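These are my notebook entries on one structure. I went through it entry by entry and wrote down what I looked up.

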Amino acid sequence: MWPIRLGQSKINPPVATAFASIVVVLAIGSIFSRNFLSIGYLLQQLQVASFLGVIAAGAMVVILAGHIDLSIPWTLTIGAMTATAMAAGTPFGDAGGIVAAVLVGTIVGLVNGVGAAILRVPSMIFTLGVNAVLDGIVVLYTGGFAPRNAATRFMNRIAVGRSILDIPNAVFVWIGISLIVAFMLRRTPFGRYIYAIGNSEGSVYLSGINTRLVLIGAFIISGVGNCLGGVLLAGYAGQAYQSMGDPYLLPAIAAVVLGGTNVLGGSGTYLGTVAGVLLITLLGSMLSVMQIAEAGRQIAYGVAIVVMLLAYGRSPRRRE
Amino acid sequence: MTGPDGAAGTIGRPVLWEARGVTKRYGGVVALENVDFACSAGSIHAIVGENGAGKSTLVKIMAGVVRPDAGETWLEGRPATFTGPADAAAAGISCVFQELSVLPHLSVADNIFITNPPRRWGLINVTAQRREAESLLAMLGWTDINPRLKIRDLSLSRRQIVEIAKMMARRPKILILDEATSALAAEDVGKVFNLLLRLRDKGMTIIYISHRLNEVDRLADLYSVFRNGRHVDTFAKGSRTHHQIIRLMIGRNVERLFPPRSRYVASGPPGLQIRNLNWPPRLANISLTVGCGEIVGLGGLEGQGQRELLLGLFGVLRQLRGTVEIGGQPRRIGSPAQAKSSDNRMALIPEDRKTEGLVLSLPVFENITLASLRDLTTGIWIDRKEEASRVDAIVQQLQIKVGNVAAPVGTLSGGNQQKVVLAKWLLTDPRVILLNDPTRGIDIGTKHEIYQLLRNIADEGAAILFYSTDYDELIGCCDRVLILYEGRIARELTGSDITETNIVAASLNVHSPVPAVAAGE
C-alpha cells in the first residue's frame, strides 16, 4: 500500500477512506438534523474547518519529517495575543499585527527546530516543554494588567466575513495556505527533503543535504501556521484569550493522521490532510447535533485516531 | 594434506561436537557448503580464514544462533539441533561474540547472572549474586573488577572480560571466542590467554577465532582453515608455516573480471591528499594521496578504521585532526553538505545502501536526484522535465534495470539499488569518490559493471578511494592498495606487489616479509 504522490490520477487508500468517512458522517448527521446538508450549514462548517486547516497544514509538515509539534496550543495563543496587542496598541495596525504573529511563529518554530534538530531532544518532549514555557510567558504578560486583546475589525472580517458568493473569507485563507504548502511539498527540493528525512534521515544527511536546516524549516512552518490560525480564531471569537488553543492540539494531529499521513513521518498527501480536517470538523458537528456532550466528543476523537492508526499506522514504512 | 574429516582433526581425543555435511545459505550467498568439522574435549581449536570464509556462520550454528539448511550437528555422540542460544547454553555451549552483549546500565554482577540469577523467594538474591560474581571473577583472575560497578564505567577491555565471565558463569563444556580478544588491552591479553590454557587443561573445549595468527600460535592446539564456506584443512599446531596457512586461506582460483588498468601517470596536484589524519582511537596518523585518475584501494581486516577514514573525509566525524587537500587546495570539511559543495565535489558510497545510501520507500527517480536537486531547480521549483531527462540518461548509462522510475527503490534488486546510489552521486559530477565496500552482496555481473564504471570515471579524472573487503577487487581494480591495521596504514602495495598473499599478510600484520608466491606452487 504505497501513497501515490506522483501517479497523480490515483488516490491512496487512507485518503479515499477519509473522504468515504466524510460521506458517512454527513449521512448520519442528516438523520439527526434536516439542516445538516443545507448549503448555509455546510459553509459554516467550512469556515470552522478553515481554522483547523491552517493549523493542521503546519502540523503535517512536521509530522512528515518524522517529528511532532506539541506546542500548538500556546503558540497559537501567543500568536493571537501578539497580533491583537500589536494591531490595536501600536500605529502599525492590522498589517503590523499579522507580521508580528508571523514573526512570533517563526521564533517559536526556530526554538523548536533547534531543540529537535541540533540539540537532538526528542521533539515530543522538547515542543511540550516549549508549550509550557509559552504558557508561562502568556501568564506573565497578562498577569498584571489586561492587554489589548480584542480582535480588530479586519481580523474579524477575515475570520467570519463573507465576500464572494457568500463563501467565508477564512476559507480563502485556508485555500491560499493549502496551495502554498501543497506545492512546496510536491514541487520544491525542500518538500522532497521533508519526505526523505521522514523516511531515512541518515541517507539524506549522507547525500550532502543540510538536514538540520530542513527540520528547522519544518518547525518554522508549523509555528507560523499556528500563529496564523490564532489570528483567525481571535477574529472568530472577537478576542484573544488564554487557553484559546487548547482544543486544537488533538484535532490538528488527528486530522493529519486521519488523512493518511504516517504518524512516524515519510508518507502522506496534503489532500489527505484536507480530508482529515473536514472529517474532524464534521465529526464534531455531527456529535453536537446528536446532542453528545463535549466529553463524548473527546472520546470520539480519541477512538477515531486509534482506529485509524490500527488501520494504517502499522503498515511498515520501508519495504525491505 | 590432512583430510577435513572429524577423526583426523581430533588427535585421538573423543569428539565433543561435530558437524556433518552442514550447509547454510543467506539468500543466494552460500555461507557454509557441505562442511564436516569436529572438535574434541580439552583442546583449543583455532578457526582461521578470510572475511566471509564461513567461520562466524559455523560458530553461530554451534551456539544455536542460526540453524543449518542441511546437514547434521552432533553433541557428545548424539544428534543435537538447538532452537536458540539459550538452548545451546543449556547443552553446554556458550559463545562470546565480537559485538558485546553486556548491558551498559547494569552492574557487573547483574550482567554476569543476567539469564539465571541466584534467587531467594522468587526474587533476585542481590547479596548472593554479588558474592558469586566476586568469587567467579577471582577464580578467573580479575580481583580488581568490582561487581557493583556499572558496565558503562568499565573500559572496553574490561567489558570484554565481563562478557567472558558471563559465559563462564554458565559452566560451558565448549566456550567459543569469536574475535573476542580483539578489544582486549595488552595487560588483559596475557591473563586471558593463561585462563584459556588453564581451562583447557581442566578439560574444556575452546573454539578460538582470530585474525591474528601470532596470537593463535600461542594458544591453539589445532588449526582449521576455512575458505569460501568450505572447510579446507585441519592440522596440528606447528605442522604448517604462516605462509602455508595464508595460502590455504586464499586458495588458488582467482577470477579475472576486472577492466584493464590505465597507465596512471601523476600530473598536476593530486585529487585528494591527506596528512596526519587522527581520530583517536580509531585513526592514527593517516597520510595518503590519491591522484586524479587513480583508484587507490583500502584493505585490511574489517574494523581497522577504514569506515572511519571514509566518513571522516566526508565530514561526518567531529574533532578529526589533520589536513585534507583537494586538488591541491587545503579544505576543512565539516559536513557531508560541505563535502558535496562545488568547492570540494566529493561523493561517498556508504557501507549500508539500505539505511545510508537510499530512502527505500521513495521512488527510484527521487533517490537518483536527491543529492543533485539543487542543480535541477529553476527559481524555487524543481524542473521536472530536466529531472526526468537526467534520470533517463543515467538509468540508460548505468543500465539500471527498473520498470518504472516512480516505483519505490526498495523494490529493486541489491545490485540495481547500488547502481541507484552510484547514479545519485554521478549526477553531482564528483572529482573525489569514496567507496565503502560497494559490491558487498551484489551479483557478479553487476560487480563487473561497477568495476568498469569506476575505471571509466577514473579515466575521466576523478580520484577514487575504494575500500573493499574483497581481496580480488583490491587486486583487480586498484592502482595501489593501502592496508590498514588498527587505524594505521600498515603497508602500501603497488604494481605486482598487490597479491593476495601480501594483502593477507599485511592485514594480519605479519611482520616478516612475505616472499612472492612462486608460479605453479
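**Entry 1: a hairpin in chain B**

I started with Tyr223(B), whose bridge partner in E12(B) is Phe235(B). The two strands involved are E11 (residues 222-227) and E12 (residues 230-236) of chain B; they run antiparallel and six bridges join them. Strands here are DSSP runs of E with at least two residues, helices are runs of H or I with at least four, and both are numbered from the N terminus. Two strands pair if DSSP finds at least two bridges between them. The hairpin of E11(B) and E12(B) has two residues between the strands, and Asn228(B) takes a positive phi near 50° there.

I noted the basis of the model before going on. This is a predicted model, in which local features need pLDDT of at least 70, side-chain atom pairs count only at pLDDT 80 or more, and totals for chains, interfaces and linings use all residues. Residues are numbered from 1 along each chain as its sequence is written, while chains are lettered from A and ligands numbered from 1 in the order in which they are written.

**Entry 2: other backbone exceptions**

Most residues other than glycine have a negative phi, and most peptide bonds are trans. I looked up where the model departs from this.

Asp166(A) is not a glycine, yet has a positive phi of about 65°. I found Asp166(A) in the loop between helix H6 (153-160) and helix H7 (169-187) of chain A. Asp166(A) counts as exposed because it has 9 C-beta neighbours inside 10 Å. The cut-offs, with C-beta atoms placed from the backbone, are 20 or more other C-beta atoms within 10 Å for buried, 12 or fewer for exposed, and partly exposed in between.

Gln319(B) also has a positive phi, near 60°. Gln319(B) sits in the loop between helix H9 (306-313) and strand E16 (321-326) of chain B. With 8 C-beta neighbours inside 10 Å, Gln319(B) counts as exposed.

The peptide bond from Pro280(B) to Pro281(B) is cis, and its omega is near -5°. Pro281(B) lies in the loop between strand E13 (272-279) and strand E14 (283-290) of chain B.

**Entry 3: chain A as a whole**

I counted elements in chain A and got 12 helices and zero strands. Its C-alpha atoms fill a box of roughly 60 × 50 × 35 Å along the principal axes.

Of the 320 residues in chain A, 52% are buried. Among contacts in chain A with a separation of 6 or more, 77% are between residues 24 or more positions apart. A contact means that the C-beta atoms of two residues, placed from the backbone, lie within 7 Å.

**Entry 4: where the chains meet**

The contact between the chains takes 26 residues from chain A and 29 residues from chain B. On the chain B side, helix H10 (336-340), helix H11 (353-357) and strand E20 (381-382) each give two or more residues. H10(B) gives the most, with four residues. By class, the chain B side has 18 nonpolar, six polar and five charged residues. Nonpolar covers Ala, Val, Leu, Ile, Met, Phe, Trp, Tyr, Cys and Pro; charged covers Asp, Glu, Lys and Arg; the others, Gly among them, count as polar.

**Entry 5: the core**

The largest nonpolar core has 244 residues, and those with the most contacts inside it are Leu232(A), Leu434(B), Ile464(B) and Phe466(B). Helix H9 (residues 211-237) of chain A supplies the largest share, 15 residues. Such a core is a set of buried Ala, Val, Leu, Ile, Met, Phe, Trp, Tyr and Cys residues joined through C-beta atoms within 7 Å. Leaving out residues up to four places away in sequence, I found that Leu434(B) touches Leu310(B), Leu313(B), Phe314(B), Met346(B), Ala347(B), Leu348(B) and Leu465(B).

**Entry 6: domains of chain B**

Chain B is divided into domain 1 (1-92 + 172-252), domain 2 (98-170), domain 3 (270-345 + 430-521) and domain 4 (354-429). The bounds come from an automatic or database domain assignment. Over C-alpha atoms, the centres of domain 1 and domain 2 of chain B are 26 Å apart.
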